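I set out to record what I looked up in this structure, entry by entry. The sequence and the model come before the notes.

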Amino acid sequence: MRKAKESDLEYLLQLRRLTMDDYLSQNGVDISDKEHLFRIKFNFSDAKIILVNGVKAGLFKASYTASNSQWYIYQVQIHPNYQGLGIGSKIILDLCQQALTNDLSVGLSVLKSNPAKSLYERLGFSVTSSTNCEYEMVYNS
């Protein structure tokens, strides 16, 4: 992984459209470029480009919040060409193991329409609360 740069914004916009538009639309969430770019730029300093053999394969964005003693995963987006290879699982579990070593928790939210919820459950996350369109989840070792 490498730190995301402003020059990655077009790639990240395309990646977000490929990986999220269907799920966002099912939940009635705004899928305009403006909204996508807002989400991409949120905590952008923590965004990392996932590389496979030097080729962009996705985005991982997690931020540490000291007041909660928690890592929060804001975005995991794997390009469709690289999905199903265990890339996202490995990155998430690596963060979870690092957090456990330091007595920290890991949280995330997932759209109710997104099948990634079952992946997160397999990795050890459980639902702690929900809204009309999202589940909040926390990692349980």
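**Basis.** I note that this is a predicted model, in which local features need pLDDT of at least 70 and side-chain atom pairs count only at pLDDT 80 or more, while totals for chains, interfaces and linings use all residues. Residues are numbered from 1 along each chain as its sequence is written, and side-chain values use heavy atoms, with hydrogens and water left out.

I looked up the strand order and found an open sheet of 7 strands, ordered 1-2-3-4-5-7-6, with mixed pairing. Strand 1 (2–3) and strand 6 stand at the edges with a single partner strand each, so one side of each has no neighbour in the sheet. Strands here are DSSP runs of E with at least two residues, and helices are runs of H or I with at least four, numbered from the N terminus. Two strands pair if DSSP finds at least two bridges between them.

**Strand 7.** I then asked which strands pair with strand 7 in the antiparallel sense. Strand 5 pairs with strand 7 (residues 134–139) in that sense over 5 bridges. In this pairing I found Glu134 of strand 7 as the bridge partner of Leu111, and Leu108 opposite Met137. Strand 6 (residues 125–130) also pairs with strand 7 in the antiparallel sense, over 5 bridges. There Ser129 stands opposite Glu136, and a hairpin of 3 residues joins strand 6 to strand 7.

**Helix 3.** I checked the length of helix 3: its 15 residues should span 21 Å at 1.5 Å a residue, and the end C-alpha atoms are 21 Å apart, which agrees. The expected span is 1.5 Å times one less than the number of residues. The buried residues of helix 3 are Ile87, Gly88, Ser89, Ile91, Ile92, Leu95, Cys96 and Ala99. Just after the helix, Asp103 takes a positive phi of about 55°.

**Cysteines.** I searched the whole structure for disulfides, meaning pairs of cysteine sulfur atoms within 2.5 Å, and the search gave 0. Are Cys96 and Cys133 buried or exposed? Cys96 counts as buried because its relative accessibility is 0%, and Cys133 counts as buried at 17%. Buried means under 20% relative accessible area, with a 1.4 Å probe and protein chains only.

**Largest pocket.** I recorded a volume of about 870 Å³ for the largest pocket. A pocket is an open set of points on a 1 Å grid over the protein atoms alone, where a 1.4 Å probe fits, with protein on both sides within 12 Å along at least five of seven lines; lining residues have an atom within 4 Å of a point. Its lining has 36 residues, and Met20, Val76, Asn114, Ala116 and Tyr120 lie nearest the centre. Strand 4 gives the most to this lining, with 7 residues. By type, the lining divides into 21 nonpolar, 10 polar and 5 charged residues.

**Second largest pocket.** I noted about 200 Å³ for the second largest pocket. Among its lining residues are Met1, Lys48, Trp71, Ile91 and Leu95. Strand 3 (55–65) and helix 3 are the elements that give two or more residues to this lining.

Notes. Grid points are joined across faces, edges and corners, and a volume is the space filled by probe spheres set on the points. Ala, Val, Leu, Ile, Met, Phe, Trp, Tyr, Cys and Pro count as nonpolar, Asp, Glu, Lys and Arg as charged, and the others, Gly among them, as polar. Buried means under 20% relative accessible area, exposed over 50%, partly exposed in between (1.4 Å probe, protein chains only).
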